[in-house]
Amino acid sequence: MTPLIENPARGEDTIAAISTPFGESGIGIVRMSGSLAESIAGNLFRPKKDPSHFISHHFYYGEILDPKSGNPVDEVLFVLMKSPKTYTREDMVEIHCHGGYFILQRVLELVLQYGARMAQPGEFTKRAFLNGRIDLTQAEAVIDLISAKTAASLEIANQQLRGMLYREMSALKGNLVEQLVLIEAHIDFPEEEIEPISLEKMKQDLDRMIRQIEGWIASYEEGKIFREGISCAIIGKTNVGKSSLLNVLLREERAIVTPIPGTTRDVIEEVLNILGIPVRLMDTAGLRKAMDSIEQEGVRRARERVADSDFVLLILDGSRPLEGDDMEIIEEIKGKKKVVAINKIDLPLEVSLEDLKSRFQESPVVPISALKKEGIDDLREAIYHCLIHQDMRSSPEHLIVANVRHKTALSQMRDNLSNALIGLKKGNSLEFIAFEIRSALEAVGEMVGETASEEVLNRIFDQFCIGK
Ligand SMILES: Nc1nc2c(ncn2[C@@H]2O[C@H](COP(=O)(O)OP(=O)(O)OP(=O)(O)O)[C@@H](O)[C@H]2O)c(=O)[nH]1
Ligand SMILES: [Mg+2]
């Protein structure tokens, strides 16, 4: 091992952090990255069998000792990963300790004492980006991966982490550079006019790129649904089975269900996963002319939630003809995105499904029985398709944009390229066209991080946890 360094040279920037969550756990990991990582660890780690040198990417069993007292701090597994095949592309060390708060703190203190400095949030990933292992969109995908709440949001994050967005942007950049070179050649030699064929091809290429970018922008709205989830109020008059449906969807007896109209007073809120979409579902008081002040407040809150929610699940009781309260609610939520469930189909039907389907032409109408748990899968499907138009489950290779920063950059590119295309059609000066294409290229550079400002980088990496 390398000799002990008590006072390492300043400026050698080796970072360290506890990379596992705070609290007690089976294992906890202290991680370091930087040129001093190996020598710092060499002061503290005593392997069970002393190897002549540590082989990169191999685990060693041993102890962390406090070098001053010689006392053991913990029994650990140690791994050294030599640059460049590491997360940050720098030398890295991981010390796998027992996952106790004081153990990890002590090991961290020791590595800091021997020359590492505390890592900032996301600094390991920032180094991976600055050292060119990943682009900015892949760094952002790491945050999404860690915070993914459903399988679908995980899939989108993974797609981005594998570099799909980056590859599309690189291809786009290649195309734009080609156009720019052509245009600039004509700006430099104005006596040579662009041939009509080249001009036509340029227009076609721009048009194709604009359409492709527009497709990605459209995927943002749907991607956002997977990433951030969506809120949905269950509404209907009293006693139609709203609370029963909430319980069935949650697969637990969360809300009180009774045959007495006006059972639910307060709003009951739970998050559930509907085919990969995190849905914040709110059971509300039945809407009717309230009997007492508590119920009045419940109805007021129900209306408030309806107004705030992204879409509503309207429940009608199929075992009774529609009545005044139903009509009022239907009128109230006219403009709202909704799915209509006709409940209690286990009883003789008193409504016509055909009539209801023609009444709600814009929204799916699904017959269900919350009591017998019938039609619930159909309802889940209907909610999914009401929100998501392209089936992402069956096309994992279809690029989904799920980040507002990316969407903003894409909108900028689309606007620049549209201006360039219009300019070409109108016969504007080539300088103007070149300017627009250059602006689009800047937006690409900003998106993948080639030209992103320090402020943008800080904003992104500040969202990370320490140790990632
Ligand atoms: N037959 C039948 N009864 C149902 C069904 N769903 C709910 N019910 C019954 O209808 C009654 C009211 O159900 P709830 O789930 O409390 O209805 P709600 O809409 O939440 O009622 P409020 O909270 O009072 O507005 C209960 O007796 C349920 O068992 C169904 O699919 N079929
Ligand atoms: Mg209820």
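Is F129 buried or exposed?

1. F129 is buried, with a relative accessible area of 10%, where buried means under 20% relative accessible area, exposed over 50% and partly exposed in between, with a 1.4 Å probe and protein chains only. F461, at 2% relative accessibility, counts as buried as well. The rings of F129 and F461 have their centres 6.2 Å apart and their planes at 35°, so the pair is tilted; by the rule used, rings of Phe, Tyr and Trp (its six-membered ring) pair if their centres lie within 6.5 Å, and planes under 30 degrees apart count as stacked, over 60 as edge-to-face and the rest as tilted.

2. On conventions, this is a predicted model in which local features need pLDDT of at least 70 and side-chain atom pairs count only at pLDDT 80 or more, while totals for chains, interfaces and linings use all residues. Residues are numbered from 1 along each chain as its sequence is written, chains are lettered from A and ligands numbered from 1 in the order in which they are written, and side-chain values use heavy atoms, with hydrogens and water left out.

3. The rule for rings gives a count of nine aromatic pairs. With F129 in helix α3 (residues 123-130) and F461 in helix α15 (residues 454-461), their pair ties together parts that are 332 residues apart in sequence; helices (H or I, at least four residues) and strands (E, at least two) are DSSP runs, numbered from the N terminus. Ring pairs also link F45, F54, Y60 and F78 into a cluster.

4. Two charges should be read together with the rings. The charged end of R31 sits over the ring of F124, 4.6 Å from its centre, and K468 lies over the face of Y87, at 4.2 Å from the ring centre. The criterion is that NZ of Lys or CZ of Arg is within 6 Å of the ring centre and within 35 degrees of the ring normal.

5. Which residues coordinate the magnesium ion (ligand 2)? S243 (OG) and T264 (OG1) do so, at 2.0 Å. This pair links distant parts of the chain, with S243 in helix α8 (residues 242-250) and T264 in the loop between α8 and β9 (268-274), 21 residues apart. S243 is buried at 8% relative accessibility, and T264 is buried with a relative accessible area of 10%. Donors are N, O and S atoms within 2.8 Å of the metal (3.2 Å for Na, K and Ca), and since water is not among the atoms, sites may look incomplete.

6. Helix α8 deserves a point of its own. Nine of the nine residues of α8 are buried, so the helix is largely enclosed by the rest of the structure. Its buried residues pack against β8 (230-235), β9, β10 (277-283), β11 (311-317) and α12, where contact means heavy atoms within 4.5 Å. Just after α8, R251 takes a positive phi of about 60°.

7. How do α8 and α12 pack, and at what angle? Helix α8 and helix α12 (residues 376-387) pack at an angle of about 85°, with their axes 11 Å apart; the axes are lines fitted to C-alpha atoms, for helices over the stretch in contact, and angles run from 0 to 180 degrees between N-to-C directions. The two helices are therefore roughly perpendicular to each other, given that angles under 35 degrees count as roughly parallel, over 145 as roughly antiparallel, 65 to 115 as roughly perpendicular and the rest as oblique. In this packing, L245, V248 and L249 in α8 meet I376, L379 and R380 in α12.

8. R380, found in helix α12, is buried, with a relative accessible area of 8%. Leaving aside neighbours within four places in sequence, R380 is in contact with V248, L249, R251, I274 and L275.

9. A cis peptide bond joins S83 and P84, with omega about 5°, and P84 lies in the loop between β5 (72-81) and β6 (92-99). N239, in the loop between β8 and α8, has a phi near 70°, a positive value in a residue other than glycine, and at 27% relative accessibility N239 counts as partly exposed.
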